[in-house]
Each structure stands twice: as structure tokens, then as C-alpha cells.
Amino acid sequence: PAKRQPSTSSTGSGRSTEYNETSKLLLDSGMPASIHRLVCDLIDAENNPCSIEEALWDLSCMKCKPQSFLFGRSCRDGALQDTGLFGNSSEQMFGRKDEMSALVSAKDRVYAHSRSMSSHVLSCQRSNFLCEVLLLEGYAGSGKSFLVESLRRGCNEEQWFLLGCKFDEGNHVDITSAFNDFFGRWKDVSGSTDQHSQQMQCFHRITRAISSAFDTEGILHLCDLIPNLEDMFPLLELSRKNRRNRGGITSMEKVGSGDKRRLHLFRLLLQSLCSVGRPVLLTLDDMQWAGSFSLEFITDFLQYMHVTTDSTIDPYGKQGCLLILGTYRANEVENRTDLLAAVDRVKQSGRADTITVGELAVADITKLVSAKL
């Protein structure tokens, strides 16, 4: 905003005279009471009184730039919200055009692949699985999470399946939470509107895909690991009781024990979600705090899909598309040899790129601060 012109009236007696003359002039000219009060308040401001010229300057600014000088709020907190000082989900992005362009390009490729799948009838034995991986590395506060959230909003508008996991240094969060949160959002799918009807159709496609990929024992194991999944299969309780009564080794237990079995289950589960017909976005934020199982799951899945989709003929007929977006702090991974090894394996798995989110340029910082102020 332009600076006020210097005051032409500094003494109290002179200001009082100017105030009285201006007030009389406004009243005699038939000016509305609200305008009269506004101008008089500007001249007689308690903390920073001004001259009639300064009041005219303020009024001109209000008229010419109302978006900067006027807010339709009567309370202080509301006015502060209008300034955008505290940010929101639609906050403007500064200095990350190239990084965001790379993310959007990968998203568009995956989305285009999903559309081509829905418009062509493919052999059930031909692999048609596309997986792209983007890893964002940079210091804390460089904007990696903001980029992830921006891409998630775009994917949500295109009706992707969204799975996300934000790792925490203090809490032992792993990839299981991403699946549990995802299936938790499908609990209350009901209604008769067109949108709800589409959700119901998608819900049934998900349950059919999972049912075709697992036997009853496998689904029961998954429900033990992912509680929200059980609500999608209400008839499993009888099978669960029979399993407890029967005892012995189940078919899924023959796959292996512990993490090996979990890797197998989650790999099939993610593959099932990808095969439903919608693109899938899996975000892994703050991977420098990810546990060994979560890292192994990603590398195991990518290696498995990379090997099987390299062949023209795939006995399992893998279909679908997946975009994996991970972030980690480049200056906090020196001691995480498992993370560095996982990143190397991810890069060797196929279509994986690393994007360095560096410092903002001075011009971008200037624009950011100017927008805030």
C-alpha cells in the first residue's frame, strides 16, 4: 500500500477546527450519516489522527483497492482470517512450480492409463499394470508435505483411491494404518443419490476383488491386521468362530510366518485395490521415520510388480495403476541405512524418480511475504 501523505495539521487546536469544519461541510452537503462518521473518525483517530488530505487518501485506497483495504468483518479474529496470514488448504504455492509440474505429469500419466484400461478389453493373461514412484527429498519445512497435499486434492477430484501414511518419530505408525484409514472411509456408504450409488458400486467392486484374491483364511488374517476391513465382510464372524474351534495350521500360515506373511497379504490387497478400475495414490510422508516393515513392503511390492509386468504374458493377469509418492528429510537419513537401501531398490525397480525440494529463491520469498502482508 502507498504511504500516507504527511499531516498538514499537527496542533490540537488546529485539528479541532479542521474536524469541526469538515463535519459541518459533510452535514451541509447531505452526506449519509455513515460516510460522515467514517470521515470524522479518520480525522479524529485516537492513536493516529490525520488531516483531511490523509482521510481523502485513505478513502481513495478503499475505493480503488477494496480487496486490500476493506474487509467485511466486524471482529478482529474474522478480519485476521480474511488476510490469509494463517494459511489454509487452498493456499497459493510459491517457488514450487517445477516440482509440482513433475508431480502433476506423473499423476496425469497414471490417470490416462486408468482411462485407457476402462476403454479397452484386454486379455486376462496380459499384464497391464502401471506403477510410478516419486520421492521428494529436502530439509524440514521445505514444503514437501504441502506438495503431497496439493497432489492429493487433485487426485481426490478425479476420484482416485487415496491411501496415505504420515510417519511420526514418536508413534510407531506403519503401512497398516494407510489401509485401515482407507477402509474406514467405506463404513457408512449408503443412500439413494447418484453419488452414493456410484460409491456402492465401487464398494462392491472392492469386496469382489478382495474375495477373488483371498480365501476365507486370508481375509480373516487381513481383518486381524486391519480392523476396518472386517465391516466390509459381515459374514466372516461364523468363519472366525469355526477357525477358533478347528485350530491347526491354516492355508495362509503356510506362506510363512510373521512379516513374510504380512508382506504377502498386503501385496495382494494393494494389487486388488489397483485392479478395481480406479487409479490408486499411496503417499508416504516423512519416510525418515518409517519402520523396516513399511520400507520392505514398498520395495517388495515394486520388485514383484516390476518382474511380473516385464513379461508379455502374466499368469496372474495384473491390471491397474498406482502412483507412490514418498517424502523424506535428506539431512536426517545418514543413520538410516535401511531407508537408503530401500530408496536405492525403489530407483532400480522401474519408473522411479527423485525430486529435490531445495531452498526458495529470494524472488519467491518476496512474493510469499508480500502476499501475506
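Two strands pair if DSSP finds at least two bridges between them, and the views below, which all come from a predicted model, start with strands that meet this condition.

**View 1. Strand β4 pairs with strands β1 and β3.** Strand β1, made of residues 128–138, and strand β4 pair in the parallel sense, with 11 bridges between them. Within this pairing, glutamate 137 stands opposite tyrosine 328 of β4. Strand β3, which covers residues 280–285, also runs parallel to β4 and is joined to this strand by five bridges, and here valine 280 stands opposite leucine 322 of β4.

**View 2. Strand β4 is covered on both of its faces.** One side of β4 carries Gln319, Cys321, Leu323, Leu325, Thr327 and Arg329, while the other carries Gly320, Leu322, Ile324, Gly326 and Tyr328, and the residues of both sides are all buried. Because 11 of the 11 residues of this strand, which spans 319–329, are buried, β4 is largely enclosed by the rest of the structure.

**View 3. Lysine 107 is a buried residue of helix α6.** Lysine 107 lies in helix α6, which is formed by residues 97–119. Buried means under 20% relative accessible area, and lysine 107, at 7% relative accessibility, therefore counts as buried. When residues up to four places away in sequence are not counted, lysine 107 touches Leu151, Cys155, Glu158, Trp160 and Leu323.

**View 4. Helix α2 has buried residues along one face.** In helix α2, which consists of residues 33–43, the buried residues are His36, Val39, Cys40, Leu42 and Ile43. Seen down the axis of α2, these buried residues fall within an arc of 160°, so they line one face of the helix. An α-helix has 3.6 residues a turn, so residues three or four places apart point the same way. On the other side of α2, Ala33 and Ser34 are exposed.

**View 5. Leucine 56 is an exposed residue of helix α3.** Leucine 56 belongs to helix α3, which runs through residues 52–64, and with a relative accessibility of 54% leucine 56 counts as exposed. Leucine 56 and leucine 42 are 14 residues apart along the chain, and their C-alpha atoms are separated by 9.3 Å.

**View 6. A nonpolar patch on the surface includes isoleucine 365.** The patch is formed by Ile365, Leu368, Val369 and Leu373, which together have about 370 Å² of accessible area. Isoleucine 365 has its place in helix α15, made of residues 362–372, and this isoleucine 365 is partly exposed, with a relative accessible area of 41%.

Definitions and conventions. Residues are numbered from 1 along each chain as its sequence is written. This is a predicted model: local features need pLDDT of at least 70, side-chain atom pairs count only at pLDDT 80 or more; totals for chains, interfaces and linings use all residues. Side-chain values use heavy atoms; hydrogens and water are left out. Buried means under 20% relative accessible area, exposed over 50%, partly exposed in between (1.4 Å probe, protein chains only). Helices (H or I, at least four residues) and strands (E, at least two) are DSSP runs, numbered from the N terminus. Patches are made of residues with over 30% relative accessible area and no salt bridge: like charges are joined within 9 Å, nonpolar side chains (Val, Leu, Ile, Met, Phe, Trp, Tyr) within 5 Å. Accessible areas come from the Shrake-Rupley method with a 1.4 Å probe; for residues, only the protein chains shown count as cover. A salt bridge is a side-chain nitrogen of Lys or Arg within 4 Å of a carboxyl oxygen of Asp or Glu. Contact means heavy atoms within 4.5 Å. The arc is that of the directions from the helix axis to the C-beta atoms.
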